[in-house]
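Biologist: Please show me the model, and then let us go through its ligand sites one question at a time.

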Amino acid sequence: MSALPLIIDTDTASDDAVALLLAAAGGHARVHAVTTVAGNVPLDLATRNALISLEMAGAADVPVHPGCERPMLRSPSHAQHVHGEDGMGDLGLPAPRSSPGTRHAVEVLLSEAGRFPGRFTLVTLGPLTNLAAALLQDRDLLTRYRHVYCMAGAADARGNVSATAEFNVWADPEAARVVLSAATPGKMTWIGWDASRQDAVMTTGDQLHLERLGTPMATFAHRVNRTVAVWAREVTGLDGYDLPDPLAMAVALRPDLVVEREVARVDIAVGEEARGQMLVDRRRGATAEPNVTLVRRVDTAGFKKMLFDTCARTVQPVRTEEPA
Ligand code: BDR
Ligand code: CA
């Protein structure tokens, strides 16, 4: 199996952290760079959490470049009531030993794809602000990536931040529109909260299994999601907490895990009433061509096996500290 060259754009909080473990320690990919964006948490916390997660995965050499600290037009909105004040379950994790990179995320997204056209797969796990800002400078940027996978949207219009919208799109809907306006289904795939809610739910049994693995990565993955677990129980009505970003990462690493997909023409509502809602046009013969592939169902067992197999590994961690 050859390792997939990856760039990851993330607003790192607890489920992004698990996605970073899958990418950096799962053996399927070689992470070239991580870029951060404001979203679940403010930018400085997202960057800190990405550094911590990469250290946990034994990948402290991967550079982390901070990007946009606010959405294109809107005021910043975070989700610390879901992921904890620090975004990592408020465990009091020690500061990372490594420091952020000095380049701006948008410059990294542009220049690395420009230097090696077609080499990198890009996975976005947060609001699409960095990618949209890059597209404003290079309209053809998506063609320079092998493929772009985004944890974004809710194709069934069942939202997690409003009645109909998913957080990453809702937080910066204008950025999502810019990205979709440049997309084609052959280059861009969205894995939404609808798939996560159905196929990436960590039941009580799964949570116990993760905890009992007892490796540093499994303990970390279990504990950083403790505030999400509470929120999920109280708000979503699911049988546990779901892992949207790890699911998107799993699809990027193993597209064969996709069970159901569709291509569609998608736009995003930007009016206040339906802010961030996906507008999916499935009409045949509609004038606008499809612009994105939507993953609707994923092999749950295959996803969880990847998660457990990765967390069961012992890497050479830079971090030896147990969470407090
Ligand atoms: C998205 O928002 C955050 O809660 C997760 O990290 C994911 O990227 C899900 O709506
Ligand atoms: Ca995220």
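Modeller: A polar contact here is a pair of N or O atoms within 3.5 Å, and the model we apply this to is a predicted one.

Biologist: With that cut-off, how far from an oxygen atom of ligand 1 does a backbone N or O atom of L125 lie?

Modeller: L125 belongs to the residues that surround ligand 1, among them H83 and N160. The side chain of H83 brings an N or O atom to 2.9 Å from an oxygen atom of the ligand, and N160 has a polar side-chain atom at 2.7 Å from a ligand oxygen. For L125 the contact is made by a backbone N or O atom, and the distance to an oxygen atom of ligand 1 is 2.9 Å.

Biologist: How much of the accessible area that ligand 1 has on its own does the protein cover?

Modeller: Ligand 1 sits in the largest pocket, and the shell around it divides into 4 nonpolar, 4 polar and 4 charged residues. Of the 280 Å² that ligand 1 has on its own, the protein covers 94%.

Biologist: Which parts does the pair L125 and D245 tie together at the calcium ion?

Modeller: The calcium ion (ligand 2) is coordinated at 2.3 to 2.6 Å by D11, D16, L125 and D245, with L125 giving its O atom. D245 lies in helix α12 and L125 in the loop between β4 (121-124) and α5 (129-137), so the pair ties together parts that are 120 residues apart in sequence, namely that loop and helix α12.

Conventions:
Residues are numbered from 1 along each chain as its sequence is written. Chains are lettered from A and ligands numbered from 1 in the order in which they are written. This is a predicted model: local features need pLDDT of at least 70, side-chain atom pairs count only at pLDDT 80 or more; totals for chains, interfaces and linings use all residues. Side-chain values use heavy atoms; hydrogens and water are left out. A residue is near a molecule or strand if one of its heavy atoms lies within 4 Å of it. A polar contact is a pair of N or O atoms within 3.5 Å; within protein, one must be able to donate a hydrogen and the other to accept it, and residues adjacent in sequence count only if both atoms are side-chain atoms. Accessible areas come from the Shrake-Rupley method with a 1.4 Å probe; for residues, only the protein chains shown count as cover. On a 1 Å grid over the protein atoms alone, a cavity is a set of points where a 1.4 Å probe fits but cannot get out, and a pocket is an open set with protein on both sides within 12 Å along at least five of seven lines; lining residues have an atom within 4 Å of a point. A molecule sits in a cavity or pocket if more than half of its atoms lie within 2 Å of its grid points. Ala, Val, Leu, Ile, Met, Phe, Trp, Tyr, Cys and Pro count as nonpolar, Asp, Glu, Lys and Arg as charged, and the others, Gly among them, as polar. Donors are N, O and S atoms within 2.8 Å of the metal (3.2 Å for Na, K and Ca); water is not among the atoms, so sites may look incomplete. Helices (H or I, at least four residues) and strands (E, at least two) are DSSP runs, numbered from the N terminus.
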